[in-house]
Amino acid sequence: MNRIAQLDPAHGGHESLEAEAPPRSSAATSAVLTKPLGAASEAELIERVLKGDDEAFRELVHPCEHAVFMATQVILNNEADAEDAAQEAVLKAFTNLAKFRGDSKFGTWLIRIATNEALMKLRKQRHQKLHDSLDEQRDGEEGEYVPRDFADWREIPSDALQKKELRQALSRAVASLTPKHRDVFVLRDVQHFTIEETAELLGIRKSAVKTRLLRARLQMRDALAPGIDGSWSAGRAEYEQVRPW
Amino acid sequence: MVVEISCEEVWREISKYLDGEINGEMRARMEEHFKGCKHCTAVLDGTRNVVQLVGDARAFELPAGFSNRLYLKLNRRLGKDR
């Protein structure tokens with residue numbers, strides 16, 4: 001047994017949060033988010049750690065650092081909290097490494113621990129703010145969302161992510177989503193969990209994941225369309241200035 | 001002849017369309033709609049672009065000193081456990 005719920009006594013015990021379950025998106029998640037370690041070297045490193053070689057654990061974690069931080073940052077939207085959750089996740093992975101069965105990549109397993117760590121932290125924060133109950137009341141009140149009427153969409157190339165303005169605009173746009181839409185969007189589109197996995201992690205139905213994902217994606221698109229300063233001026237000279245990517 | 005579809009119906013299905021979950025007649029109807037509707041094409045292009053950007057590992061930066069602080073904390077834990 002190796003459930004994340006058991007890693008944290010404070011957590012209410014969530015049947016679906018199996019750390020070692022082989023998710024269908026395992027390959028995609030680890031391929032996109034972590035620098036790949038060869039299967040043999042990963043198994044070797046784990047064996048070395050279990051025999052007491054601490055340096056091997058650092059080698060194992062190092063390629064996943066960025067992905068682990070990203071997993072917590074997009075959920076918590078606060079760098080200090082995200083770093084704290086990422087550190088906790090790595091420590092839990094170390095403590096529980098003997099329970100890792102190798103059904104998925106180590107990176108995928110670690111990202112799941114980090115995601116759960118962030119979600120637990122978020123639940124605690126929201127509980128304090130009583131946001132949860134308000135969210136639940138709004139469930140099932142998903143009205144139609146009408147996308148804003150922009151004439152066209154000028155593609156933002158992936159290379160533009162090198163620009164800090166774009167990364168900040170993305171973070172702001174994610175932060176502008178309501179918590180329930182943000183959770184789904186982050187798990188599905190940022191962390192590449194499947195619809196089924198997202199539903200399991202959040203304890204909601206697949207149909208709710210799809211409805212919230214639609215709304216979140218359309219709102220993200222609307223939030224990013226006008227440019228980084230929020231003024232929509234397509235077709236005019238200043239368009240270049242407000243959206244320099 | 002493909003039966004026409006409204007913009008509202010297209011928006012409702014656009015997320016599933018991007019995930020490849022729309023097939024058959026509905027997909028054909030949506031594609032026919034995109035050919036003649038600039039607004040829905042902009043919604044489709046923008047939504048696809050956003051999904052592609054946020055899914056890129058470069059979208060979120062690692063804070064300076066993250067690794068050092070992580071291994072410092074890990075070392076402290078290792079010192080305690082072993």
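Of the 82 residues in chain B, 23% are buried, where buried takes 20 or more other C-beta atoms within 10 Å of a residue's own, exposed takes 12 or fewer, partly exposed lies in between, and C-beta atoms are placed from the backbone. In chain A, buried residues make up 42% of 245. This is a predicted model, in which local features need pLDDT of at least 70, side-chain atom pairs count only at pLDDT 80 or more, and totals for chains, interfaces and linings use all residues. Residues are numbered from 1 along each chain as its sequence is written, while chains are lettered from A and ligands numbered from 1 in the order in which they are written.

**How the chains are built**

- Chain A has 13 helices and zero strands; helices (H or I, at least four residues) and strands (E, at least two) are DSSP runs, numbered from the N terminus.
- Chain B comes with four helices and zero strands, so to speak an α-α-α-α run from the N terminus on.
- Take the contacts in chain A between residues at least 6 apart in sequence: 69% of them join residues at least 24 apart. Two residues are in contact if their C-beta atoms, placed from the backbone, lie within 7 Å.
- For chain B, the share of such contacts joining residues at least 24 apart is 58%, again counting residues at least 6 apart in sequence.

**Where the chains meet**

- The contact draws 42 residues from chain A and 34 residues from chain B.
- On the chain A side, the elements giving two or more residues are helix 2 (26–33), helix 4 (54–61), helix 5 (65–76), helix 6 (79–95), helix 9 (164–176), helix 10 (179–190) and helix 12 (206–224).
- Helix 12 of chain A gives the largest share of that side, eight residues.
- By class, the chain A side has 23 nonpolar, five polar and 14 charged residues. Here Ala, Val, Leu, Ile, Met, Phe, Trp, Tyr, Cys and Pro count as nonpolar, Asp, Glu, Lys and Arg as charged, and the others, Gly among them, as polar.

**A helix pair in chain B**

- The axes of helix 1 (residues 7–18) and helix 2 (residues 24–36) of chain B come within 11 Å and cross at roughly 115°. Axes are lines fitted to C-alpha atoms, for helices over the stretch in contact, and angles run from 0 to 180 degrees between N-to-C directions.
- That is why helix 1 and helix 2 of chain B are roughly perpendicular to each other: angles of 65 to 115 degrees get that label, under 35 is roughly parallel, over 145 roughly antiparallel, and the rest oblique.
- Helix 1 of chain B passes helix 2 of chain B in a left-handed crossing, meaning the near helix is turned anticlockwise from the far one by less than a right angle, with clockwise being right-handed.
- B:Val10, B:Glu13 and B:Tyr17 of helix 1 make the contact with B:Met26, B:Met30 and B:His33 of helix 2.

**A helix pair in chain A**

- Helix 10 and helix 11 (residues 195–202) of chain A have axes that come within 9 Å and cross at roughly 135°, so these two helices are oblique to each other.
- The crossing of helix 10 and helix 11 of chain A is right-handed.
- A:Asp183, A:Val184, A:Leu187 and A:Arg188 in helix 10 meet A:Ile195, A:Thr198, A:Leu201 and A:Leu202 in helix 11.

**Confidence**

- Chain B has a mean pLDDT of 89, with 96% of its residues at 70 or more; pLDDT is the predictor's confidence in each residue, from 0 to 100.
- The model scores ipTM 0.84 and pTM 0.68.
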